[in-house]
Amino acid sequence: MARITYDDETAAAFKAVREIPRDGLGHWREAIRRHLNPMPGMTVTDIGAGTGVFAAAFSDWFGLRILAVEPSAAMRAQIPRRAGIRVLEGDAGALPLPDGSADGAWLSTVIHHIPDLEAAAREIRRVLRPGAPVLIRQGFPGRADWPSTWWVHRWFPETTRTVETWPTVEQTCQAFAAAGFSRDSLEQIPETYRTSLAEFLAQADTFRRADSTMRTLTEEEFLRGKERLRRAAQAAEKTPSPEPRTSRLDLLVLR
Ligand SMILES: C[S@@+](CC[C@H](N)C(=O)[O-])C[C@H]1O[C@@H](n2cnc3c(N)ncnc32)[C@H](O)[C@@H]1O
């Protein structure tokens, strides 16, 4: 069971406000290149592919063949249908892929939704070729100074409460170790949002629908956060060229 239901309304909200624009993903592109060593024709499975933002990016950046596995029909419906991307119904615990058929696995902000991480790790081991990497893009509890690294937390600090219930780096590595993977590297990768604070304020209700950390806020916490955001947006209007918002998520690589 995912932490939230990815129904039509959530999928539309995710598509509208949660996809990071491609021009904010330059550091991810370089980090993925380093760890995946992509070559045209390689097959990568994007597990919990969501609306396909990374499936499309991997395909455009590296010319890879992407197997986008996603359990929610509403999210799957948003994934671009085009050459190089195959969209498949499935989840991390039951991947619709043959043994040893993929050269890498990508899981972006998914592992906290997976009910049995050890079973998922075994399933990923089954579908990957020997030595192929698992790349996990994730917010791990205790790793980040959330208020300064994840911009949402700056205005809605109580969202940290939810992140703290997610698997830690150690728990994730343990689950994957049981399936025969070892930790290869862990680093924080910056990503940039160019929307103004005023735009984010206008999107806050939609964002809340699409984000599992925002969903758990009480009405009072959400309204307090919106008020902080409103004041910050007003202040930013007086700044001639406000900085784009940069945050950092972890990239954990296992092999
Ligand atoms: C926060 S979204 C991330 C989507 C996409 N990876 C991205 O970064 O834009 C989490 C996704 O994980 C999917 N999901 C939930 N439970 C899952 C599971 N057990 N296995 C694989 N994916 C799952 C959800 O349906 C949803 O699309």
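Residues are numbered from 1 along each chain as its sequence is written, and side-chain values use heavy atoms, with hydrogens and water left out. As the model is predicted, local features need pLDDT of at least 70 and side-chain atom pairs count only at pLDDT 80 or more, while totals for chains, interfaces and linings use all residues.

I turn to the largest pocket. Its space amounts to about 840 Å³. A pocket here, on a 1 Å grid over the protein atoms alone, is an open set of points with protein on both sides within 12 Å along at least five of seven lines, and lining residues have an atom within 4 Å of a point. Grid points are joined across faces, edges and corners, and a volume is the space filled by probe spheres set on the points. There are 49 lining residues, and Tyr 6, Ser 108, Thr 109, Val 110 and His 113 are the closest to the centre of the largest pocket. Among the elements that supply at least two lining residues each are strand 1 (43-47), helix 3 (53-62), strand 4 (104-108) and strand 6 (183-193). Helices (H or I, at least four residues) and strands (E, at least two) are DSSP runs, numbered from the N terminus. By class, this lining has 25 nonpolar, 15 polar and 9 charged residues. In that count, Ala, Val, Leu, Ile, Met, Phe, Trp, Tyr, Cys and Pro are nonpolar, Asp, Glu, Lys and Arg are charged, and the others, Gly among them, are polar.

Where does the ligand sit? The ligand sits in the largest pocket, in the sense that more than half of its atoms lie within 2 Å of the pocket's grid points. Around the ligand there are 21 residues, of which Tyr 6, Gly 48, Glu 70, Ala 92 and Ser 108 come nearest; a residue counts if one of its heavy atoms lies within 4 Å. This shell divides into 12 nonpolar, 6 polar and 3 charged residues.

A polar side-chain atom of Glu 70 is 2.6 Å from an oxygen atom of the ligand.

Thr 109 lies in the loop between strand 4 and helix 5 (117-127).

The second largest pocket has a volume of about 330 Å³. Its 17 lining residues include Leu 197, Ala 236, Pro 242, Glu 243 and Arg 245, which are the closest to its centre. Helix 12 gives the largest share of this lining, 3 residues.

Finally, how many cavities of 30 Å³ or more does the whole structure hold? The search finds 1, where a cavity is a set of points at which a 1.4 Å probe fits but cannot get out. Its lining consists of Val 44, Asp 46, Phe 54, Ala 55, Phe 58, Ile 66 and Trp 106. Strand 1 and helix 3 each give two or more of these residues, and helix 3 has the largest share, 3 residues.

Definitions and conventions:
Polar contact = N/O pair within 3.5 Å; in protein donor to acceptor, adjacent residues only side chain to side chain.
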